[in-house]
Amino acid sequence: MFAVTATQTDPDNPLAGLTLGERPEPEVPDGWTTVTVRAAALNHHDLWTLRGVGIRQDRLPIVLGCDAAGVDEDGNEVIVHAVIGDGPDETLDPRRSLLSETYDGTFAERVAVPRRNLVPKPSALGFEEAACLPTAWLTAYRMLFDKAGLEPGSTVLVQGAGGGVATALIALGRAGGYRVWATSRSEEKRARALDLGADQVFESGARLPERVDAVMETVGQATWDHSLKSLRPGGRIVVSGATSGAVPPADLNRVFFLQLSVVGSTMGTRDQLARLARFLEQTGTRPMIDRTLPLAEAREGFAAMEKGDLFGKVVFTAGG
């Protein structure tokens, strides 16, 4: 079968290890099944893998990709939950992994997954839209509706509008009844954030009209100080990643004095993925897709992500 594989890692030239070509059919352990992939979404996780982060060298070569939507062996249209783990919240299993870390991922014509990881795909969602949900959109869903502790009408600041999680936060926040503000260094991305549903947009680091109830922090070092300064007393920063570099230690004096909360957030559970899919079906909210490419042209999508030249998700399509 055709697949997109990491064959080596290089922190300075990650695309050097990106290999497109034939791979063996997936092995299917007991309790697992095979999904014929119709669409798969690109994440920063895939680029970090090519840089050598979070992957053991003895696992190479490995098929990349965490997210997919496709058809299972019984002909059902499904979404693949990316977290391989046990327990009521598999994201908290100390032995958990993501597809493409220990087991081959979704950038292939077929992928083997545990049966418990399959979620029915609502007919209202296309395969390309559904493929965006398991990582970026599920992370945003958990940040907003599980970790932020907000009521409808609250003001939420999304740092770094443009990425997959950030665009999901804007769209979901709007649909969930929040007042959403967003920042970006790019004038074009600020304009697109308004089109997506943000109430106001600001240059990165700009002074805001008022302090916000919660900050959604996925950028890290470049925005951390602004996130602290923008939060009202008693507010909450929800952290799910750091694309600009590690988040530095919090200003503990400010955190203590203003009674701020800083909470981490991971990807959600399979059950939360099912609820997210229903939420999109019921509200008409849909993922922002920057571009859709055949799996054979995956290198173009990786190159765009490396350059930061994206607004929303990159989706790869595979034959049925």
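Reader: Is Cys132 buried or exposed, and how do you know?

Author: The relative accessible area of Cys132 is 0%. Buried means under 20%, exposed over 50%, and partly exposed in between, with a 1.4 Å probe and protein chains only. Cys132 is therefore buried.

Reader: What kind of model is this?

Author: This is a predicted model, in which local features need pLDDT of at least 70 and side-chain atom pairs count only at pLDDT 80 or more, while totals for chains, interfaces and linings use all residues. Residues are numbered from 1 along each chain as its sequence is written, and side-chain values use heavy atoms, with hydrogens and water left out.

Reader: How many disulfides are there?

Author: The search of the whole structure gives 0. Cys66 is in no disulfide, as the nearest cysteine sulfur, that of Cys132, is 13 Å away. Cys66 is buried, because its relative accessible area is 0%.

Reader: Why does His45 count as buried?

Author: Its relative accessibility is 19%, and the limit is under 20%, so His45 counts as buried. His45 lies in helix α1, residues 44-51. Helices (H or I, at least four residues) and strands (E, at least two) are DSSP runs, numbered from the N terminus.

Reader: What makes the pair His45 and Glu101 a polar contact?

Author: Their side chains come to 2.8 Å. A polar contact is a pair of N or O atoms within 3.5 Å; within protein, one must be able to donate a hydrogen and the other to accept it, and residues adjacent in sequence count only if both atoms are side-chain atoms. His45 also touches Cys66, Leu98, Leu99 and Ser100, not counting residues up to four places away in sequence; contact means heavy atoms within 4.5 Å.

Reader: Why are the buried residues of α9 said to lie on the same side?

Author: The buried residues of α9 (residues 298-307) are Ala298, Gly301, Phe302, Ala304 and Met305. They cover an arc of only 160° around the axis, so they are on the same side of α9. The arc is that of the directions from the helix axis to the C-beta atoms. These residues pack against β1 (2-6), β2 (18-22), α1, β17 (289-294) and β18 (313-317).

Reader: Which residues have the most contacts inside the largest nonpolar core?

Author: They are Leu133, Trp137, Val158, Ile170, Leu172, Met216 and Leu276, in a core of 48 residues. A nonpolar core is a set of buried Ala, Val, Leu, Ile, Met, Phe, Trp, Tyr and Cys residues joined through side-chain atoms within 4.5 Å. Helix α3 (residues 133-147) gives the most to this core, with 8 residues.

Definitions and conventions: A disulfide is a pair of cysteine sulfur atoms within 2.5 Å.
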